[in-house]
Amino acid sequence: MKLASISSDAEDPIGKKKNHTEEACVTQIQEELRETRDKYLRALAEIENMRERAVKQISDAKMYAIQNFSKDIIVVADILEKATESVPQQELNSAANQHFKSLYEGLKLTESQLQKVFSAHGLTKIYPINEKFDPNFHEALFQVENKDKPDGSIAQVSKAGYLLHGRTLRPAMVGVTKLP
């Protein structure tokens, strides 16, 4: 009997060491699991962020793909506008120039339709007369002394500006007032 009690006392320290080692292994495994889970969640978040950035870039690319074409076509719109503005009104009212009047009306209809097409594709004309100067949308070409208008307002528009989906495609070329 004495041997049995000795052997049980002898196993007890080994059992404690065994339990302590098992607990250390469990703790280590739990820590590794936490780290792995954290890395996994971070990787998922990074993938989601990359997906959202890609979707935004694709959306922007689609929206602004016509930017270069738009820059070229607004020059045509400017020429068309100058052509219709240069026609003397007395020539239109005379009965002798019916062909000329028909040509003028055709140009005006073409200009109007072109502006509708621009609007349908997110291209907006800005003609900022009497507005406050904003360097994001306007380019100052000269200053005009004027005591009737507030300082820094737009007195004259030399060339209309254009926005493409709210982004400045071409700033309006303007003359800005200053106090005398």
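**Exercise 1. Which charged end sits over the ring of Tyr 64, and how far is it from the ring centre?**

Solution. The model examined here is predicted. The group in question belongs to Arg 167, whose charged end lies 3.7 Å from the centre of the Tyr 64 ring. Next, consider the contacts of Tyr 64: setting aside residues up to four places away in sequence, Tyr 64 touches Arg 167, His 165 and Leu 164.

**Exercise 2. Classify the geometry of the aromatic pair formed by Phe 118 and Tyr 162.**

Solution. A pair of aromatic rings is described by the distance of the centres and the angle of the planes.

- Step 1. Ring centres must lie within 6.5 Å to pair; those of Phe 118 and Tyr 162 are 5.9 Å apart.
- Step 2. Planes over 60 degrees apart count as edge-to-face; here the planes stand at 85°, so the pair is edge-to-face. The count by this rule is one aromatic pair.
- Step 3. Phe 118 belongs to helix H4 (residues 98–120) and Tyr 162 to strand S4 (residues 161–164), so the pair ties together parts that are 44 residues apart in sequence.
- Step 4. Buried means under 20% relative accessible area. Phe 118, at 5% relative accessibility, counts as buried, and Tyr 162, at 0%, counts as buried.

**Exercise 3. Identify the residues of the largest nonpolar core and the elements that give two or more residues to it.**

Solution. The largest nonpolar core has nine residues: Tyr 64, Ile 74, Ala 77, Leu 114, Phe 118, Leu 123, Tyr 162, Leu 164 and Leu 169. Two or more of its residues come from each of helix H2 (67–85), H4 and S4. Another core, of five residues, lies apart from it and includes Ile 154, Val 157, Ala 172 and Val 176.

**Exercise 4. Is Glu 81 buried or exposed, and which residues does Glu 81 contact beyond its neighbours within four places in sequence?**

Solution. Glu 81 is located in helix H2. The cut-off for buried is under 20%; Glu 81 has 15% relative accessibility and therefore counts as buried. Beyond those sequence neighbours, Glu 81 is in contact with Glu 111 and Lys 125.

**Exercise 5. Describe the open sheet formed by three strands.**

Solution.

- Step 1. The strand order is S2-S6-S3, with mixed pairing.
- Step 2. Strand S2 (138–145) and strand S3 (154–159) each have a single partner strand and stand at the edges, so one side of each is left without a neighbour in the sheet.
- Step 3. From one strand to the next, the twist averages 30°.
- Step 4. S2 and strand S6 (residues 172–178) run parallel and are joined by seven bridges. Ala 140 stands opposite Val 174 in S6.

Technical notes
Residues are numbered from 1 along each chain as its sequence is written. This is a predicted model: local features need pLDDT of at least 70, side-chain atom pairs count only at pLDDT 80 or more; totals for chains, interfaces and linings use all residues. Side-chain values use heavy atoms; hydrogens and water are left out. Rings of Phe, Tyr and Trp (its six-membered ring) pair if their centres lie within 6.5 Å; planes under 30 degrees apart count as stacked, over 60 as edge-to-face and the rest as tilted. Helices (H or I, at least four residues) and strands (E, at least two) are DSSP runs, numbered from the N terminus. Buried means under 20% relative accessible area, exposed over 50%, partly exposed in between (1.4 Å probe, protein chains only). A charge sits over a ring if NZ of Lys or CZ of Arg is within 6 Å of the ring centre and within 35 degrees of the ring normal. A nonpolar core is a set of buried Ala, Val, Leu, Ile, Met, Phe, Trp, Tyr and Cys residues joined through side-chain atoms within 4.5 Å. Contact means heavy atoms within 4.5 Å. Two strands pair if DSSP finds at least two bridges between them. Axes are lines fitted to C-alpha atoms, for helices over the stretch in contact, and angles run from 0 to 180 degrees between N-to-C directions.
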